[in-house]
Amino acid sequence: MRIDIITVVPDILTSPFEVSILKRAIEKGLVEIHLHNLRDYVTDNYKQIDDYQFGGGAGMVMMIEPIDKCIANLKSQRDYDDVIYMTPDGARFDQKTANAISLKENLIILCGHYKGVDQRVRDHFITKEISIGDYVLSGGELAAAIVCDAVIRLIPGVLGNETSALTDSFQDDLLAPPVYTRPADYKGWKVPEVLTSGNFPKIETWREDQSYERTKKLRPDLLGEE
Ligand code: ADE
């Protein structure tokens, strides 16, 4: 998978890809991340990427021309499955969307800033608009990092244990069961006996029950209850 991220603040997006699982995914050649500074696509000396909005009103709007140039440059080199725009008014990001995106080959992610982008960018270039939640961030970069993290860990070979992503919370619309590790008794707080019993069918049933109970208690909406 290749992800091209268009941003006015590339610095925000360096460290997430320089550590841990995402770093290893890149080193293994399973994903390529390319950051593009929108200012590199501006021809004027002031490197202006935003302007006042027509009709008046507070807040600057990201201009169409540098975005067009950047996207056109990328599209001239390869085909893209989606051009994603990170915005609080996009469709709410969830595990299903992450699963679907993880099957794509080439993606462009555009990070919004200020009051957002000129509507014509959305009308003519964007194929998918994603929000990570009902709150407003200063820009789409952190949201893009979250989407990349959730997607990249699903690519086969990224996680050491293939089954690990499949047993994550939300993969079957249920929260994951509780997990424990050594010591089995810490200050009298004991690990549920079934987990140390060695009876794997029983452990599996216990985990399924716990997943269901946890979901019912913490996220009844996932079960269609309120
Ligand atoms: N940009 C600003 N806020 C955002 C959000 N909640 N999700 C995605 N992109 C954003």
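Biologist: Which residue of β2 stands opposite Ile 3?

Modeller: Ile 33 stands there, and Thr 7 faces Asn 37 of β2. This is a predicted model, where local features need pLDDT of at least 70, side-chain atom pairs count only at pLDDT 80 or more, and totals for chains, interfaces and linings use all residues. Residues are numbered from 1 along each chain as its sequence is written, and side-chain values use heavy atoms, without hydrogens and water.

Biologist: What makes β1 and β2 a parallel pair?

Modeller: Pairing requires that DSSP finds at least two bridges between two strands (DSSP runs of E, at least two residues). β1 (residues 2–7) and β2 (residues 32–37) have six bridges in the parallel sense, so they count as paired.

Biologist: Why is the crossover from β1 to β2 called right-handed?

Modeller: The chain passes from β1 through helix α1 (residues 20–27) to β2; a helix is a DSSP run of H or I, at least four residues. With the strands pointing away from the viewer, a clockwise path from the first strand over the helix to the second is termed right-handed, and this β-α-β crossover is right-handed.

Biologist: What makes β2 and β7 edge strands?

Modeller: The open, parallel sheet has five strands in the order β2-β1-β6-β5-β7. β2 and β7 (128–131) each have a single partner strand, so one side of each lacks a neighbour in the sheet. The twist from one strand to the next averages 30 degrees, with axes fitted to C-alpha atoms and angles from 0 to 180 degrees between N-to-C directions.
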